Amino acid sequence: MRAFVIKKLSHPSKISLSIDVPEPQPGQRQVIVDVYSAGLNFFDILQAQGKYQNKPALPFTLGSEFAGRIARNSPIPKGCPYKAGDRVFGASQGAFADKVAVDWERLITLPDNVPFDQGAGLFITWPTSYEALVGRAELKPGEWVLVTAAAGGVGIAAVQIAKALGAKVIGAAGSEAKLDVAKRIGGADYGINYSKPAWYKEVLEITEGKGVDVIYDPVGLINDSLKCIAWKGRALVVGFAAGTIEKVPMNLVLLKNVSLVGVHWGAYSVKESGRIPVVWKELLDLFASNRVKPVTFTEVYSLDEVTNGLAALERRETWGKAVVRVNQENPAERSKL
Ligand SMILES: NC(=O)c1ccc[n+]([C@@H]2O[C@H](COP(=O)([O-])OP(=O)(O)OC[C@H]3O[C@@H](n4cnc5c(N)ncnc54)[C@H](OP(=O)(O)O)[C@@H]3O)[C@@H](O)[C@H]2O)c1
């Protein structure tokens, strides 16, 4: 099978597709999934260079998020509710390949109304934004929310979830084109370009001096955002896409009765696994209601273009979820399942 194999740690731009790789060997509780689409993540770039917390032994296949079907030759472990051909999405090391092995308990059924390209970017992105806003910030209808990187993967999900929950949303991004995406596709009420100095003053103007109740920040803009947070505001620390881990002046936290709130969705499987099905049930209900919709970047990459997709991500050119279409659905093959 084809796979984007890392044989030696290096920047992904120096790696090309391997075409004759043995199929993955499933473990005891694992199934094999035929990958149709895979999500591109910034951490893939780090992992290829050995700079990410999760460091698989060499050689390993890059890629994590995927959507596809349970393979025809897959073992079905005891208790596994899936059968060959079922549509699923999930995350497992090695998603940039024709097939991936994955613990069946970590799979979720892909709703019929969600295409594989959209399904490929759900597993990490959407529960992160949902749990941040609902579980951690306890967002209420009518509250003001500021989302940074509002056109990015987790950002545009946060914009849509906040709107669906009845909040008023200010999307902030680094270019006018991305602000347009955050408003037109994400549904943000206002857009602010944070490449301008003192951009937070615009937030205060929009909120008539009150400031925002919730900050959702995957970039590393907490310090600037605290200048436009409301009394008793909650600032969600989601990520550091800009590459710097900020030091926060604690007097700002004290003066406005602010809560700094972290969210690490990946840790829920170890720390709070009971919360995961609750979040997914509520999210899948939201998808079914069509009040939110996964957003994918217009350019879809093929498996031999993984490098191009990761380069576009690194250059901040993408919006929504950038996706690799590993295989096109073949109706003739499907009927044999
Ligand atoms: N806490 C969690 O559980 C969790 C879960 C998933 C992801 N995350 C983190 O959230 C962050 C965003 O993830 P994502 O999937 O939404 O990524 P993404 O789709 O690549 O979006 C990131 C956005 O950040 C903005 N940005 C600002 N400065 C940047 C810089 N120097 N380099 C790159 N981007 C920059 C860019 O938007 P503009 O061009 O508009 O500035 C970019 O589009 C990442 O740090 C990720 O690790 C955390």
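By class, how many nonpolar, polar and charged residues does the shell around the ligand have? The first view below has the answer. This is a predicted model in which local features need pLDDT of at least 70 and side-chain atom pairs count only at pLDDT 80 or more, while totals for chains, interfaces and linings use all residues. Residues are numbered from 1 along each chain as its sequence is written, and side-chain values use heavy atoms, with hydrogens and water left out.

**View 1. The shell around the ligand.** The shell has 14 nonpolar, 5 polar and 2 charged residues; here Ala, Val, Leu, Ile, Met, Phe, Trp, Tyr, Cys and Pro count as nonpolar, Asp, Glu, Lys and Arg as charged, and the others, Gly among them, as polar. Of these 21 residues around the ligand, Gly-153, Lys-178, Tyr-194, Val-263 and Arg-316 come nearest (a residue is near if one of its heavy atoms lies within 4 Å).

View 2. Look for polar contacts here, pairs of N or O atoms within 3.5 Å. A nitrogen atom of the ligand lies 2.8 Å from a backbone N or O atom of Val-263. For Trp-265, a backbone N or O atom is 2.9 Å from a ligand oxygen, and a polar backbone atom of Phe-240 is 3.5 Å from an oxygen atom of the ligand. The protein buries 81% of the 910 Å² that the ligand exposes when taken alone (Shrake-Rupley method, 1.4 Å probe).

**View 3. An open sheet of 6 strands.** The order is β10-β9-β8-β11-β12-β13, with parallel pairing; strands are DSSP runs of E with at least two residues, helices runs of H or I with at least four, both numbered from the N terminus, and two strands pair if DSSP finds at least two bridges between them. The edge strands, each pairing on one side only, are β10 (190–193) and β13 (259–262). From one strand to the next, the twist averages 20° (axes are lines fitted to C-alpha atoms, with angles from 0 to 180 degrees between N-to-C directions). Strands β11 (residues 212–217) and β12 (residues 229–237) run parallel and are joined by 5 bridges; Val-212 has Ile-229 in β12 as its bridge partner.

**View 4. Two helices across the sheet.** Helix α4 (residues 153–164) lies across β8 (144–148), β9 (168–173) and β11, at about 165° to β8. Helix α5 (residues 176–184) lies across β9 and β10, running at about 160° to β10.

**View 5. Three loops to visit.** Leu-17, in the loop between β1 (5–6) and β2 (30–39), is in contact (heavy atoms within 4.5 Å) with residues including Phe-4 and Leu-303. In the loop between α1 (42–48) and β3 (60–61) you will find Pro-59; the peptide bond from Leu-58 to Pro-59 is cis, with omega near -10°. Ala-198, in the loop between β10 and α6 (200–206), has a positive phi near 55°.

Definitions and conventions
A polar contact is a pair of N or O atoms within 3.5 Å; within protein, one must be able to donate a hydrogen and the other to accept it, and residues adjacent in sequence count only if both atoms are side-chain atoms. Lists of a residue's contacts leave out its neighbours within four places in sequence.
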